[in-house]
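Colleague: I am new to this one. Can we go through it piece by piece?

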Amino acid sequence: MISQTTSKTISLTQSQDAPEELVAELKGAIESQLRLTLARHFDNATPREVWMATCLVVREKIIDRFIETQAAHNREETRRVYYLSLEYLMGRLLNVNLRNTGLHQAVGAALAELGFDLEELCEEERDMGLGNGGLGRLAACFLDSMATMDLPAIGYGIHYQFGLFRQEFENGRQVERPDDWLKYGNPWEIVRPQYAQKVFLYGRVEHSYDDLGDYRPQWVETKQVEGIPYDLAIVGYGARTVNFLRLWEAKASEQLDLQVFNQGGYVEAVREKVMGESISKVLYPNDETESGKELRLVQQYFFVACSLQDMISRFRRSEDDWSLFPKKVVVQLNDTHPAVAILELMRIFLDVEHMPWEKAWDLVRKTFAYTNHTLLPEALETWGEALFEKVLPRHLQIVHEINRRFVAEELATRWPDDSEKIHAMSIVADGQVRMAFLSVAGSHSVNGVAALHTKLLKNRLLKDFADLYPEKFNNKTNGITPRRWLLGCNPELSELVTSVVGEKWITDLSLLRGLEKVANDSSFQEKFMDIKRRNKVVLTEMIENEIDLKIDPDALFDSQIKRLHEYKRQHLNLLHLLTLYRRLLHDPDLDISPRVFIFGAKAAPGYHLAKVIIHAINLVGERINNDPRIKGKLKVAYWPNYGVSSAERIIPATDLSEQISTAGKEASGTGNMKFALNGALTIGTLDGANVEILEEVGDDNIFIFGQTVEGIEKLRTEGYDPRSYYEGDEELKAVLDWLSSDFFSPKEGNVLEDLPKSLLDWGDPFFVLADYRAYVQSQEDVNSAYLDKGRWASMAIRNVAGSGKFSSDRTIGEYASDIWKLSPLKVPDQAS
């Protein structure tokens with residue numbers, strides 16, 4: 001495995017004074033950027049303009065490193081990994097770039113001399129609208145680790161004009177507004193129109209032959225769009241390495257039909273331009289309509305086509321022997337969204353380079369590696385053949401031929417008498433192109449993202465493929481970057497950790513084990529919990545400002561912040577909340593610690609039940625927050641428009657982390673890791689990476705409850721009856737009946753009834769009622785532990801100590817050693 005400490009380390013000590021000459025230089029540079037780039041005098045500059053000028057100054061420092069890095073990679077003709085992901089949840093960059101470049105103290109001092117506070121200026125930055133959930137945040141953590149570990153890497157994605165959406169609440173209901181994250185510009189990106197790529201879509205395939213009589217199909221009558229690249233520098237911590245993320249923006253090849261325009265057809269003159277540029281307009285367009293599905297497929301093909309052309313042009317600058325391509329290029333598919341890249345590279349090899357099929361397929365398989373991120377069969381992406389033929393007619397031919405050979409040469413050879421299995425494993429079947437199956441067949445590696453997830457992939461979801469290709473399947477448990485998720489978001493705790501284990505933990509998180517020796521030290525516990533409380537005070541102020549809710553920082557902060565989906569079971573959390581509320585109404589003097597329930601989640605616009613759950617949480621919260629009978633012992637805060645920046649405030653302040661998905665449904669989860677790293681205790685099922693967190697922190701320092709994967713399967717096999725739990729548990733019956741009434745929505749009637757219906761009448765597909773009683777009992781254990789302050793502090797410290805495994809540096813080291821066969825390349829300092 002690659003060492004996690006390959007990079008040089010910059011001192012992080014926050015009390016260290018920055019050199020006066022550097023502070024003076026940065027101060028002058030900020031003023032210069034204000035004047036020369038933004039045309040603003042310092043005296044009347046707004047905080048946003050000062051933030052912009054500061055970012056531009058930091059970018060200048062980064063660009064030198066970026067040029068040195070790329071020059072070194074080109075000079076060495078190095079092997080690179082290319083990471084293809086449809087989303088990157090980058091968050092804000094100023095703070096992390098300052099810490100990774102070692103400029104945090106100096107820039108903070110320069111701004112202070114100018115009369116500005118760095119932390120307040122960081123609030124001017126908008127989160128980049130390039131991602132949605134864990135998949136995108138994982139990609140961002142991986143980019144950070146690859147740069148920190150000096151690995152030659154380039155990320156590819158789409159330069160969305162609008163993010164998923166900006167979430168607001170109206171009468172408790174989610175309302176979606178456009179997320180115009182680029183409204184004020186993005187100082188970190190560099191547009192490179194000279195590297196634009198052409199992409200072809202639609203049309204038809206013309207059957208033709210060359211002069212030698214060989215079949216040469218021609219893709220004709222296509223529509224053309226251009227991909228314009230925007231580069232975002234990715235700075236490694238304490239290293240000379242600056243990799244980059246290249247994002248493609250769609251531009252119509254025909255900007256304006258001047259003749260039509262001059263004749264007065266103003267709208268018609270720009271029709272093609274508008275249609276072409278819609279490709280990169282919005283992250284995840286609603287695919288409930290046929291046009292939405294089509295746009296998603298076009299998006300996926302657009303970004304992989306641009307990216308592959310870019311990789312090939314880089315390869316061809318130094319090589320002309322295609323057999324060397326997999327030795328210089330390895331492509332990691334982040335889930336199935338980029339899987340059409342397999343077909344596009346085959347098309348290039350066959351139709352452009354005129355390779356024999358066998359050679360082309362061999363090169364493709366050696367080039368691609370595939371990461372699976374789901375255990376939900378319905379989430380394994382498929383495309384209808386009719387749509388595929390409309391958008392990518394040549395690629396449909398290619399995938400049919402891949403499937404014909406796959407069936408004839410591999411499946412029929414292995415299982416000659418099992419037509420049912422062969423049909424089940426076919427890449428194209430029942431009018432659908434199965435992108436996950438294509439990804440497995442077309443890659444040399446297939447990995448899951450947690451030990452349990454990989455086990456279930458091999459034993460259930462992709463069992464037949466694991467039997468066919470046992471050597472391909474492997475596990476790479478996800479991780480998070482400690483540079484953002486401890487050093488950046490929790491600087492006080494970072495300093496406390498450093499005082500015990502030294503500062504090398506920033507690039508070797510396994511050193512956190514050294515905290516175990518002070519876990520029971522009362523003096524250290526006091527310092528640790530004081531930091532937690534100060535973080536809670538900061539969050540209480542933010543919550544009061546954002547949603548006008550006053551909360552007690554001494555209450556237990558209980559957080560569930562993640563994408564809203566039934567399998568993540570926010571509604572199980574809600575049932576516990578209602579249970580506590582009802583108990584307090586019957587006994588206001590009940591001995592429980594005051595608790596603040598913090599939610600943050602967006603529901604997909606077309607996901608009705610998820611939106612009902614949001615509505616229910618908000619309505620219940622409104623009633624609880626204004627009920628004097630419970631004496632303030634419960635509060636509910638639903639953070640609107642939850643994203644990376646809000647997570648950076650919520651996570652350091654959280655006491656209890658809710659990781660309560662149905663066992664066997666969550667691939668990994670990384671929120672669980674972020675919370676543990678910041679000293680929150682986990683309440684969770686044996687699902688995803690919870691299993692490995694349990695192993696690392698010990699069963700005395702985590703609250704595990706509920707059915708196991710095997711238990712869920714047994715319930716399903718024997719015939720799960722949710723009503724039996726309802727009828728057999730008086731408290732559960734009471735809260736469900738309560739929720740079914742109009743008690744929480746007196747002006748709207750029974751608007752929440754679909755939620756209890758989904759549990760009682762629609763099969764409770766994620767076994768909420770089966771786990772309810774165990775969950776409530778586990779929450780009682782949480783309450784008892786929290787009331788014992790010394791015990792809770794020790795458990796929290798041991799969670800931090802046990803988080804070393806969950807560094808994305810460890811994960812990327814395993815990818816690099818086991819899959820990518822990629823070695824670090826130290827970039828020499830220009831002065832050396």
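Modeller: Start with a definition: angles under 35 degrees count as roughly parallel, over 145 as roughly antiparallel, 65 to 115 as roughly perpendicular and the rest as oblique. Keep in mind that this is a predicted model.

Colleague: How are helix 22 and helix 25 oriented to each other?

Modeller: Helix 22 covers residues 522-547 and helix 25 covers residues 644-653. Their axes lie 8 Å apart, at an angle of about 135°. Roughly perpendicular ends at 115 and roughly antiparallel starts over 145. Helix 22 and helix 25 are therefore oblique.

Colleague: Which hand does the crossing of helix 22 and helix 25 have?

Modeller: The residues that meet include Leu 539 and Met 542 in helix 22, and Ile 650 and Ile 651 in helix 25. By class, this contact of helix 22 with helix 25 has seven nonpolar, one polar and three charged residues. As for the hand, helix 22 passes helix 25 in a crossing that is left-handed.

Colleague: What is the strand order in the open sheet of six strands?

Modeller: Pairing in this sheet is parallel. Strand 20 and strand 23 (703-704) are the edge strands, each pairing on one side only. Between strand 21 (residues 656-659) and strand 22 (residues 681-684) there are four bridges, and Leu 656 stands opposite Leu 681. The order is 20-19-18-21-22-23.

Colleague: Which residue of strand 20 is the bridge partner of Ile 598?

Modeller: Strand 19 (residues 595-600) runs parallel to strand 20, and five bridges join them. For Ile 598, the partner in strand 20 is Ala 637.

Colleague: Is strand 20 largely enclosed or left open by the rest of the structure?

Modeller: Take its two faces. Leu 634, Val 636 and Tyr 638 point one way from strand 20, while Lys 635 and Ala 637 point the other way; all are buried. Five of the five residues in strand 20 are buried, so the strand is largely enclosed.

Colleague: Does Phe 806 count as buried or exposed?

Modeller: Phe 806 sits in the loop between helix 33 (789-801) and helix 34 (808-820). Buried means under 20% relative accessible area. Phe 806 has 2% relative accessibility, so the residue counts as buried.

Colleague: How far apart are the C-alpha atoms of Phe 806 and Thr 481?

Modeller: Leaving aside neighbours within four places in sequence, Phe 806 is in contact with residues including Thr 477, Ile 480, Met 673 and Glu 696. Thr 481 is 325 residues from Phe 806 along the chain. The C-alpha atoms of Phe 806 and Thr 481 are separated by 8.6 Å.

Technical notes: Residues numbered from 1 in each chain as written. Predicted model: local features only at pLDDT ≥ 70, side-chain atom pairs only at ≥ 80, totals over all residues. Heavy atoms only, no water. Axes fitted to C-alpha atoms, helices over the stretch in contact; angles between N-to-C directions. Helix = DSSP H or I, 4+ residues; strand = E, 2+ residues; numbered from the N terminus. Left-handed = near helix turned anticlockwise from the far one by under 90°. Contact = heavy atoms within 4.5 Å. Nonpolar A, V, L, I, M, F, W, Y, C, P; charged D, E, K, R; others polar. Buried < 20%, exposed > 50% of the residue type's maximum accessible area, 1.4 Å probe, protein only. Pairing = 2+ DSSP bridges.
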